[in-house]
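Hello,

Here is the structure I promised to pass on.

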Amino acid sequence: MDLKAHIRDVPDFPKPGIMFRDISPLLAHAEAWKTTIDRLADIVAPHKPQYLAGIESRGFLVTAPLALRLGVGFLMVRKRGKLPGRTIPHTYALEYGEDTIEVQEDAVPKGARVVVLDDVLATGGTLGAAIELLKKTGADVRAAACLIELVFLEGRKRLPIAFDSLIRY
């Protein structure tokens with residue numbers, strides 16, 4: 001099945017000059033979405049994760065059903081202030097400024113095998129930050145994967161671990 005056929009191009013969103021890759025039609029097509037999760041499972045399973053970490057918010061859409069499919073735990077990597085209880089933060093540089101992401105302090109057992117997922121890899125900043133954050137917790141971060149990779153932005157080069165994607169632009 002051609003998964004790319006279920007991705008809608010939205011020009012000039014969220015600002016002029018950006019071509020947004022909308023996964024809404026993919027999510028709405030049951031057969032295509034099942035195929036997506038099955039193919040991601042084929043990519044992720046060889047890393048033998050105990051947990052999958054999803055990055056807020058569209059990364060949750062990919063990670064939660066994949067964790068269920070693989071029978072592993074699901075961890076949330078969220079923006080600062082969105083998680084209850086004690087958290088471990090990681091601040092990283094953006095093009096103009098910085099941002100902070102967090103995980104709950106007790107979410108990841110030391111040495112746990114983790115694969116990190118998001119919907120899109122662009123420049124690699126957020127995914128790279130999530131990898132570093134999870135390493136700070138003592139996790140054994142084995143790999144990362146995304147549904148879509150914007151190859152021309154070369155985000156893969158910023159990642160210190162194995163990476164794969166299903167759809168490349």
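The notes below cover a pocket and a pair of helices.

This is a predicted model, in which local features need pLDDT of at least 70 and side-chain atom pairs count only at pLDDT 80 or more, while totals for chains, interfaces and linings use all residues. Residues are numbered from 1 along each chain as its sequence is written, and side-chain values use heavy atoms, with hydrogens and water left out.

Among the 36 lining residues, Arg58, Val120, Ala122, Thr123 and Leu150 are the closest to the pocket's centre; lining means having an atom within 4 Å of a point. Strand β7 gives the largest share of this lining, 4 residues. By type, the lining holds 19 nonpolar, 6 polar and 11 charged residues.

Now to the helices (DSSP runs of H or I, at least four residues). The axes of α2 (residues 30-44) and α3 (residues 58-70) come within 10 Å and cross at roughly 70°, so the two are roughly perpendicular (65 to 115 degrees). In α2, residues including Trp33, Ile37 and Leu40 meet a set in α3 that includes Leu61, Val62 and Leu66; contact means heavy atoms within 4.5 Å. The residues of this contact divide into 10 nonpolar, no polar and 2 charged.

Best wishes

Technical notes
1 Å grid on protein atoms, 1.4 Å probe; cavity = no way out; pocket = protein on both sides within 12 Å on 5 of 7 lines; lining within 4 Å. Nonpolar A, V, L, I, M, F, W, Y, C, P; charged D, E, K, R; others polar. Axes fitted to C-alpha atoms, helices over the stretch in contact; angles between N-to-C directions. Parallel < 35°, antiparallel > 145°, perpendicular 65-115°, else oblique.
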